[in-house]
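Please keep the sequence and the 3D structure in view while reading.

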Amino acid sequence: MSDDALQYDAIVIGAGHNGLVAAGYLAKAGKNVVVLDSAEAVGGAAQTAEISPDYQVSTAAHLVSGFPRQIEKDLKLSKHGLAWATNDMATVALDRDGKHIMLSSSRKSDIATLTAHAAQDADAWKAFEGRVGKYVKLLKPLLDKRLPDVSAEAATKAAAMLALRLEKMGPADLRAFLQLVPSSVASLLDRSFEGDLIKGALSLEATLGAHAGPHTPGTAFSYVYKKTQEAIGQGMGYPVGGTGALTEALASAAEGLGARIRLESPVIEIIIEEGRIKGVRLADGTVFEAPIVLSSVDPKTTCLDLVGARHFETPAVTHVSRIKMKGATAKINLALEGLPTFANFSDREYGGRLLIAPDMGTVERSFTAAKRGELTLDPVMELVIPSYHDPRLAPMGHHVMSIIVPNVPFDVDGGWDTQKDPFVKRVIDTISDYAPDLSDKIIAGEVLTPPELEDRFGWGNRGWHQGNMSFDQLLSFRPAPGMAHYEAGVSGLYLCGVGTHPGGGLTGLPGKLSAEAALAAEKVS
Amino acid sequence: MDRVDAVIIGAGLNGLTAAARLGGAGLSVLIVERSAQVGGGAAHGQPAPGYSAPPIGFSHGYVPPELIREFDLAREGLQLIRREGGISLFDDGSHVANYANENVMRRELARHSRRDADAWPRFVRDMKRQAELIRQSLLKAQEDPGEWSLSALKQMMSRTKSVLQMEPEALYDLTRFWSLSLDDFLEGYFESPAVRAHLAAPALIGRALGPADPTGAAFLPAQWMTGTTGGAPWRMSPKGGTQALADCLAGVVQARGGDIRFHAEVTDIKMMDKKAAGVILADGEEIDAGIVLSDLDIKRSFLSLFQWSGLPDGFARDVANVRMDGIVARINFALKGLPEINGVASDNPALSGGLMIGGGLHAMERAYEDWLDERPPSAPLLEIAIPTLEDPSLAPEGGHIFAVSAQYIPTELHDGVWSDVRRKALMQTVKDMISHHAHGFEDHIVAEELRLPSDIEDQAGYTRGDPFLGQMSLDQMFFNRPVPGFSGYESPIKNFYVCSASGHPAGLALGAAGANAAQSILGSLKGRRS
């Protein structure tokens, strides 16, 4: 195929993980596919880059949780260089006095760490995990495949199946589930645990990346939803070479299957003729033609900017323009000349996903500050030391640390020009409460404020998910009612980004499922 | 008296309706009341000689017409007064008023936005639809979804099926209604921030929720249960206030053979064979009864007051976990006359629906954040009822009452106690907020009284001062109320029932929880006999 071919079976907009997964599946089915992206490199928000020479880190997204093994197998990603540095990370709730709590594992020694804060929490954790496990089982069949199209005839069968699955949980768990659905995660955790630290850490897990605090109703369900995604992906971890290695493997796999990836090719228009997809136009005027276009750009931008509202029915325009996208985050990446010393840390802790959230009040206050356009005094955060599992990311004995700080306002009081330094200082000081020698070890750093993340990845002020993961934007309402089967309402146009079902994280599922939807529709016609 | 069929702890509205229903079914009933009057939180006090207002409770509430008919309250002298209107006052001098007449209401909205005036009929239609569904659930015990029987399974299947079969648009609307914040939901109808704030504020009062919190919208229709002709809904309130309602109910109880004993404080529940068998009073007197009902909140009923033995472990934990939050301070101002409100003519009919001062939704959100931080809000949300406009009997000639519910007042402060200085500061904040819209307001004040959530806890016994005896959030409503598995008013203690607003439907309807509890008792008695 020549490099300047302009006609394809399918065009994929965006070379992020979902766009690449979609391209891979389409190419595998024999389609002639081109992937177009405005950036200079593939990966979207999952890229690995240098902080300074020889120090590499996942620039934005820094963990993979929920990437199904099935996609790895289908696209033969290991052949294309994907290897896991770890896929069994423990989550560690950091404690100032060194009494850290190990979460997301059922090892006896881990559970014992809970008792240092509250004697009864170890038992409570077992019950909590068991219960959440049941809810995960209930949700999983809805999240790992395309949503069923429930016709009137199928409703009876589906209702019977659902009722039976609910019954299977048993009365106590069913009651608890029905109470959990509208609850805030604060209510859920107050009902379950005593210790402040475990409640702080779990409430951070539930709200990370969302525009929500522990007291926001619906966040209990967010927690279960995230756990379901983790279960689909069989664990949490990162690839050798950072999250960028995942997208590189995906790109290589797609290309190996015959797809073409064209970078520095910003799409400015999706061309519709007589109600059908004709192709796309790049900023330089080049037109690529294909009967099928899959867009991993967020649904709102895709429909309203790239296609244009006039090509949609009125209700669809209303629904799409209503999509809420909120949740500002900052990212800090550090190059370190040695491992910072955390009290009582062993291998598992250094290699874990570290959460700083001493209690729910601190998490709530960071959300309150964000709502007010202020920087909280006590930032909460998620941090990892990827070089601990993957020494090639830094020179021998040196390390990189990757920090996600949620609830950071996009428009901060006083402006980022003046607030950036105090913000970074506050984050470093906070980590230093746990690892006092951190600042001595910093060689270089990179700070991405929400506006900078917005510029580079498009999610600085809009959250990571191209649409909040709230009840009105989940399942059959994701990205909008009538679009849950990836078809956007214009013949040949599909949505394949994280804004579609099942949503958030580096899961690749929206890409896979939308490609399947496009292929299935072709078969029918 | 040595034995009755049913003894009821507390003569609040729910204790009274429970007693009235049980009495009507032929049971001998005794209410034991700690204070000297009926009404509980609905009871009135005298902020100044000649002035009458409830110091604790809200001065209005929805009384289901079914109960009025069942107890023939009109014959007991109950008169209901229709209060129309309600005006939100904003700092920039603008206001939004409610009018019962559709055209007038739309003209009012058009002052803020033409589009909003056009959206009004759609909003009314949707509110009425949801209000009717909620209204139908008020006087029914909620089924326990965890109870498994063939019929329960069938019902679960048919319900699931009906949801799956819904038109996608309808299901989407329903999901939005139950899950969106007030802010987001109202944005789907109205563009004017003032109109949105005006409509949102009443749905927040008493609830530990901010206007941007999901699930807030679900409480908008509560005000629409009374009635509307296409304009704003009106409220029906008893002439003589909630005290008059309590007095009428007490009359019904007595007419049905029931007794009420005052100054009778229950200190323990008498148990026999692990079943409730009566109550023990502070002076040691024992009253035997076949059934014991508690009109106290669920925490007091099970955790604070009585020495239970054999309360199942899980149940005690579930009760302890019920979220009770004080959030409203009640303030009554006895006024020697009606102050002039800027920009509102003194004969504006919308005044009798009271005033709302709280700024826009952002200001309300800030006040909510202050509450979360346990600090006194710099600008609380004020709902001001002026009951005397339609019911002059509540004040001396020419006098008026401003019954203020100040929202987002924490029960405890993060940095100390509610000292006298801080109480005074709060009162001054409230007065300043009112004076901003009514110059010279303070000159009209004859007397004033403040009840913080902590005072309400001390005086009325509501845990943490929660006005609804358990927060009305969706995880604590309907079949989740008061705790999952016990939505039928019964308890794990045989013959002991909770009839207070801790049960369904809480503050949505006055007296309904008590009537429902009685119904559930009568149902199980019938079951036992047959």
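Predicted model: local features only at pLDDT ≥ 70, side-chain atom pairs only at ≥ 80, totals over all residues.

## Salt bridges in the whole structure

Side chains of opposite charge can pair when their charged atoms come close. Over all chains, a search of the whole structure finds 51 salt bridges. Some of them are described below.

## A pair within one helix

In chain A, the side chains of Asp429(A) and Lys425(A) form a salt bridge, with 2.8 Å from N to O. Both residues belong to helix H15 of chain A, which covers residues 416-432. Asp429(A) and Lys425(A) are 4 residues apart, about one turn of the helix.

The two partners fall into separate accessibility classes. Lys425(A) has a relative accessible area of 52% and is exposed, because exposed means over 50%. Asp429(A), with a relative accessible area of 37%, is partly exposed.

## A pair that links distant parts of chain B

Another salt bridge joins the side chains of Glu285(B) and Arg261(B), at 2.6 Å from N to O. This pair links distant parts of the chain, as the two residues are 24 residues apart. Glu285(B) lies in the loop between strand E9 (275-281) and strand E10 (286-294) of chain B, while Arg261(B) is in strand E7 (residues 259-261) of chain B.

Asp415(B) and Arg422(B) form a salt bridge in which the closest N and O atoms are 3.1 Å apart. Asp415(B) has a relative accessible area of 43% and is partly exposed. Arg422(B) counts as partly exposed as well, at 23% relative accessibility.

Salt bridges can also share partners, and in chain A this joins Glu205(A), Lys227(A), Glu230(A), Arg353(A) and Glu382(A) into one network.

## A buried glycine

Gly308(A) is part of helix H11 of chain A, which covers residues 299-308. Is Gly308(A) buried or exposed? The relative accessibility of Gly308(A) is 8%, so Gly308(A) counts as buried, the cut-off being under 20%.

How far apart in space are Gly308(A) and Ile270(A)? From C-alpha to C-alpha they are 8.4 Å apart, and in sequence they are 38 residues apart.

Definitions and conventions:
Residues numbered from 1 in each chain as written. Chains lettered and ligands numbered in written order. Heavy atoms only, no water. Buried < 20%, exposed > 50% of the residue type's maximum accessible area, 1.4 Å probe, protein only. Salt bridge = Lys/Arg side-chain N within 4 Å of Asp/Glu carboxyl O.
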